[in-house]
Amino acid sequence: MDATKYLTRIGFSGTVEVSLKCLAELQACHQLAVPFENLDVFLKRKKVLDVEVLFERIVEEKRGGWCCELNGLFAWLLENLGFSVRKVSASYFNPEKNEFNGMFDHMALVVSLGEQEYLTDVGWGNINAHYMPIRLSENSVYKQPGGFYKLKKEGPHWYLLHRMRDIMGHHREELNRVLNEETWQVVHRFDTQARELSEFQERCDQYQTDPEVMLAVMPICIRKAEEGQVVNAMTGRRLTMVRFKENIDVRTNETDLTDDEIDKKLKDVFGINLQKTMNIVEIVENLNNEEG
């Protein structure tokens, strides 16, 4: 495996050094170049958490992956460049159920730079992913392209919070909103215990087959653009472009895409070139029939 080839894959052309500036550039480049995606689930290609397998998939084949794949391989790159990094277990907060998912639900990274530590992530499968590292400290607010973020600590866990934003153009009209007061929403929580990549394999296996998990039933691709000011997100037959403006997410939707249109979007928007067109229309129709 070649770290230089990995840097080329993510379009990094800066100076390699163990610094916050370099770390931020690497995290940004990764999100601009490598999509979060789960297409292998529907191509019947088992996800194996081995860095050589991940390197072949993400770097050589120019594919994406989900959290433990993207952050697992990114951790390898950072270590090879001289960074001190820990893979940590995080849990998504489900606002509908008002509860956290279980251990190893998400992999995040904690990078140590001198006496400071930073939450780093290139594999959060949501438009509210933070674009730059966030220092592990309380009572600090960080402005990024996707809005404002902060951390708070309770017991062994750090909680990542994102300030809620106005929404315009949502494909579900009832979800458009204008907020009248500052409201913070928990994104996930994590501890800082170092984990091995293999510890995430069991949860990774579950998320490929569990019909209650969105990743197992609906094709998803997410990739940032325009220095993090835009996120393109494809869910089934819908492509949504989210542009971050001052305190508002402005959405533009293309719906009911055909398989050929989806294949073209995968190439042009997400940089994914599949050997054959996927039957995503059929996948979505079957899912709708099951839910109906």
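1. Glu 202 and Thr 209 are exposed on the other side of helix 6. Exposed means over 50% relative accessible area, and buried means under 20% (1.4 Å probe, protein chains only). This is a predicted model: local features need pLDDT of at least 70, side-chain atom pairs count only at pLDDT 80 or more, and totals for chains, interfaces and linings use all residues. Residues are numbered from 1 along each chain as its sequence is written, and side-chain values use heavy atoms, leaving out hydrogens and water.

2. Which residues of helix 6 are buried? They are Gln 201, Cys 204, Tyr 207 and Gln 208. Seen down the helix axis, the buried residues fall within an arc of 125°, so they line one face of helix 6. The arc uses directions from the axis to the C-beta atoms. Helices are DSSP runs (H or I, at least four residues), as are strands (E, at least two), numbered from the N terminus.

3. The whole structure holds 7 aromatic pairs. Ring centres of Phe, Tyr or Trp (its six-membered ring) must lie within 6.5 Å; planes under 30 degrees apart are stacked, over 60 edge-to-face, the rest tilted. Phe 55 and Trp 76 are edge-to-face, at 5.9 Å and 70°. Phe 55 sits in helix 4 and Trp 76 in helix 5, 21 residues apart. Both Phe 55 and Trp 76 are buried.

4. The rings of Phe 104 and Phe 200 have centres 5.0 Å apart and planes at 85°, so this pair is edge-to-face. Phe 104 and Phe 200 are 96 residues apart in the chain. Phe 200 counts as buried because its relative accessibility is 1%.
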